[in-house]
Amino acid sequence: MKKAIFYIILSLVALIFIYPFIWMASAALRPEIEISSLSPFSHNFSISNYKAVLEKIPIGRAFLNSLFVSSSITFSVLVFSSIVGYALSRLKFRGRELIFMVILFTMMIPFQITMIPLYVLMVKFGWTDTYLALIVPGMISAFGILLFRQYFKAIPQAIIDAARIDGCSDLGILFRIVWPNSIPALVTVAIITFMNTWNEVLWPLIVIRKQSIMTMPQMVTLFAVGGQAEQVGVGLASAMMLAAPVVIIYCIFQRHFIASMVHTGVKG
Amino acid sequence: MRRRAIENNRVGYLMVSPYIIFFLLFVGYPLMFSLVLVFHKWNIIGPMRFIGFGNFGQLLHDALFWKSLGNTLIFLVIHIPLQIIIALVIANILNQRIAARGFFRAAFFLPVVVSGVVVTILWQQLYSQETGLFNTLLSRIGLPKVPWLISTRLAMPSIAIMATWKNVGLYIVLFLTGLQTIPASLYEVADLDGASEVQKFFHVTIPMLNPTMVMVVILSTLGGFSLFIEPYVMTGGGPMNSTLSCVLYIYKQAFYFNHMGYAATLGFAVALIIMIVVIIQRKLVETEIYT
Amino acid sequence: MLKSIKWLIVLLAVGIFSQESILFAKGDVVRLTYWPSSNPQEIELAKVIVDEWNHKHPGIQVDMQPLPASQSSEEVLLAAVAAKTTPDICSNIWPGIVAGFTEANALVSLDNFKDFWDVALSRAPEDILETFRSKDGHIYQMPWKGNPIMMEYNVKLFSDAGISKPPRTYSEFMVAAQKLTRDTDRDGIIDQWMGIINVSPVWWHRFFDFYSLYIAASGGRTLFEDDKVNFDNEYAIQVFRFLQEGFKKGYFPKGTLQGNQFLMENVAVQFVGPWDIGYLEKYKTEDFEYDFAPLPIPDNTPEPILTYSDPKDIVIFSTTKHPEEAWEFVKFLISKESDLQLLKICYQIPFRKDLDIDSTFKEYFDENPKTMKFAKQISYTRGVDNVSQLKEIFDVIAQAFEYCCVYGKETPEKAVKNAAERCQRIIGR
């Protein structure tokens, strides 16, 4: 009996979390008059809202921009954060702990303080309205360093020693021995970094004004706020297009998503 | 041995050097520059004018700044308890032997991965006065329409509810993980003492979940102070500045009015307040275990 | 190792010298960069003008680059000034940012050119030109075009309600509003309103309500005079009261509605500029009739009725290496032929005092009589003050507007007084 109540509650709650998306999907397909209809079905489904979005803004270009930026940052974070994490965990050198403290400290600095001077820096470098402003400030992530350091510490010394005896350089050890043994860490950092950079809106809003460089969430934001989407359905259609890639990947890899976020949450 | 040590030093420094450069450029320099900016008036294109503590004076008298803090407080006061209660309850239910647990977990977690922009646009429509889903539902069952985003008293709470919907999935999963680390022996001991379900919940479960709860509170607080895209898209800070968040205000000062010095001052003030709030919260929530 | 370095040096040298030779070959032609706005019609206009110029002036070639689309162009210009990557000429300058730019020494003073006054006075009315003079006495911007804000009204809705003339005063406006705000399909909900005013508290929306109405009501005052607040007066109070009454009585809808309400014939009146003609002509139905009248004014206000010109000006940035050639291009931008194209392609009004009498434009105005109303109005307009904190000032006014007019939480007297105090403090800083 208790179980039945549990299932009912869970299903209701699950509905609360999923139904808005279903509603949004169907509202994006409906003409303006039927927007407030409660039922997710309609006789007049059409893709005209989506067509309107494609006509008004270069959202495909924005998608590619987001893909390029997020992939570049994720790749760079994986490489550089793991290098630093390796050095901090497996090499002994003077000042190692000091550097680690500094890295911990940077994680506590809220973005509110750094965003203005960072913007000024981008202006002085002439990087505004270029991919550089989007990618370079995110190339190394303190969080990534932390995670890798944690994980690499647990790698048995024996494997590393064996590789050293074979004459492997430290970089070689990192990429040829440590990486293959750290797949969970790599996956975690990759997923978190990719997801966070994909969804990032504030920074692109600050440094990018040129439409051809805008990222997808940024473009959809400006589209919805700027009033270009004259009809509700069109705005919702653009939101659907923004959500689609993430939702699709999520449905396939959801276990890894959840595991990654928990992993980092628990470490906190 | 000595040669190895020296070599280790060299390689070590080489490997962390990319980060050192990165840190100096993108963390150290901005921090220093921010500190300098605080004492100046600057609009990016003109010269920087030294004004001593002028920005601080302006801050103390700036009604909008204090209002943005108040708005954030309203947000947190609704968002945090709501989130903890819902996440605790659901996590506990999920912790029982439930079939399709994976499905439920995935469902709750869905809003977490989706972009905040999508959630905001969706909920803006749900909350819409005339054509929104919520008001349509309400009028169908004969209740009056609610001015979710138009009333100065309801706008921020509405945003808080939306934020809870978006994030609670993460905390459900975190609590679930926490619950699974509680040793069964503790419950057995409680059973031997004749404890009821409710007593077990409050005297075993909650205290053991304390580290997770601290984390939930701190993460939510940081999120609350970083609120930007929701008010930016949904309300523009209105109605009558009731949804003006700290970051939105800093953004306006910096990028609408080009008051770089003042915006930097605001940034520091907010950071300071975050630190104080988090320290107080840790003290409060942590003492709970030991009472 | 050494060998590869040698090759590297050789390659570098070749690279540098080949660049230099290219430079030498093109040394005769002066190249200028020109930034128009990101508005699609203005880009089209810019293409036409630039092509014509490049044709006629093989020795001075102009390269047009539109400003990035869909974001405030001020930010882009600001970043360009800070990084010193500004173009030679830009024609999308809102006078409000000129004060900041001149303080940063980013602009060339135009009155230093020998023929400046001849050219400028032959085109723009002198009193308008004076309003563009900067604090240091120089003129850094050439008035290019304006969009005088007038009252656009739906002729059919008015005649159906038995009103023969568009309202001239606030009282007439309210009388008409009462007749025109109604529930057309008898479902208990009002679906037709007198007018539509944008309720979101964004600073620049106020150009199209408070600021235009204030200029009209006060007979041409702007917000400041000699660095002192100049709107702490009865005119501002009357404008606020007018707007507050409109919202209170429901003549202006409070929520945000989707789509163009004027086109959908849900509102009878709108305060817009001439650009709307192009839009309406493209999308209106056969029987849609509209016309324009001057803005309403408080009762007993004398003529002529002025308004806000929503001006855009042309500037030459000080980073230019060819100021004389840039000035030649600016003169071409404001020539009669270019002005005619501006009218034809963009439906916007050049700052020209002889539009209604010069034969070059006669044919255009014969075909577009509605635009003529704006052409006559352009000589009776005001711009914005030469104050660098304008955005913040308008933000204060937007907030006062929201509190007082939209939500009725403050009396007009208090709202104006508070706004004036805050603005005086901002200027004083």
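Student: What percentage of the 429 residues in chain C do buried residues make up?

Tutor: The model is a predicted one, and in it 56% of the residues of chain C are buried. As for secondary structure, chain C has 17 helices and 14 strands. Its C-alpha trace spans about 90 × 50 × 50 Å along the principal axes.

Student: Among contacts in chain C between residues at least 6 apart in sequence, what share joins residues at least 24 apart?

Tutor: That share is 75%.

Student: How should I read a sheet, and in what order do the six strands of the open sheet in chain C stand?

Tutor: Start with the order of the strands, then look at the sense of each pairing. Here the order is β2-β1-β3-β12-β4-β13, the sheet is open, and the pairing is mixed. The edges are taken by β2 (60-64) and β13 (349-350) of chain C; each has a single partner strand, so one side of each has no neighbour in the sheet.

Student: Which pairing in this sheet is parallel, for instance that of β1 and β3 of chain C, and over how many bridges?

Tutor: Strand β1 (residues 30-35) and strand β3 (residues 89-93) of chain C run in the parallel sense and are paired over two bridges. At residue level, C:Trp35 has C:Cys90 in β3(C) as its bridge partner.

Student: Which strand is joined to β4(C) by three bridges, and in which sense do the two run?

Tutor: The strand is β12 (residues 312-316) of chain C, and the two are antiparallel. Within that pairing C:Pro143 is opposite C:Asp313 of β12(C). β4(C) also pairs with β13(C), again in the antiparallel sense, over two bridges. There C:Lys145 faces C:Pro350 of β13(C) as its opposite residue.

Student: How many of the five residues of β4 of chain C are buried?

Tutor: The general idea first: side chains in a regular strand alternate between the two faces of the sheet. For β4 (residues 142-146) of chain C, five of the five residues are buried, so the strand is largely enclosed by the rest of the structure.

Student: How do I read a nonpolar core, and which members of the largest one touch the most other members?

Tutor: Look for the residues with the most links to other members. The largest nonpolar core has 286 residues, and those touching the most other members are B:Phe108, C:Phe101, C:Met194, C:Phe231 and C:Phe317. Helix α7 (residues 155-180) of chain B gives the most to this core, 15 residues. Take C:Phe231 as a case: beyond its neighbours within four places in sequence, its contacts are C:Tyr214, C:Leu223, C:Ala236, C:Val416, C:Ala419, C:Ala420 and C:Cys423. Another core, of 36 residues, lies apart from the largest one; C:Trp144, C:Ile314, C:Ile316 and C:Val330 are among its members.

Student: Over which ring does the charged end of A:Arg149 sit?

Tutor: Over the ring of A:Phe100, at 3.6 Å from its centre. C:Lys370 lies over the face of C:Tyr290, 4.4 Å from the ring centre.

Student: How many disulfides does a search of the whole structure find?

Tutor: Zero, over all chains. For C:Cys346, which is in no disulfide, the nearest cysteine sulfur is that of C:Cys90, 15 Å away. C:Cys346 is buried, with a relative accessible area of 3%. B:Cys246 also counts as buried, at 1% relative accessibility.

Conventions. Residues numbered from 1 in each chain as written. Chains lettered and ligands numbered in written order. Predicted model: local features only at pLDDT ≥ 70, side-chain atom pairs only at ≥ 80, totals over all residues. Heavy atoms only, no water. Pairing = 2+ DSSP bridges. Helix = DSSP H or I, 4+ residues; strand = E, 2+ residues; numbered from the N terminus. Disulfide = S-S within 2.5 Å. Buried < 20%, exposed > 50% of the residue type's maximum accessible area, 1.4 Å probe, protein only. Core = buried A, V, L, I, M, F, W, Y, C linked by side-chain atoms within 4.5 Å. Contact = heavy atoms within 4.5 Å. Lys NZ or Arg CZ within 6 Å of the ring centre and 35° of its normal.
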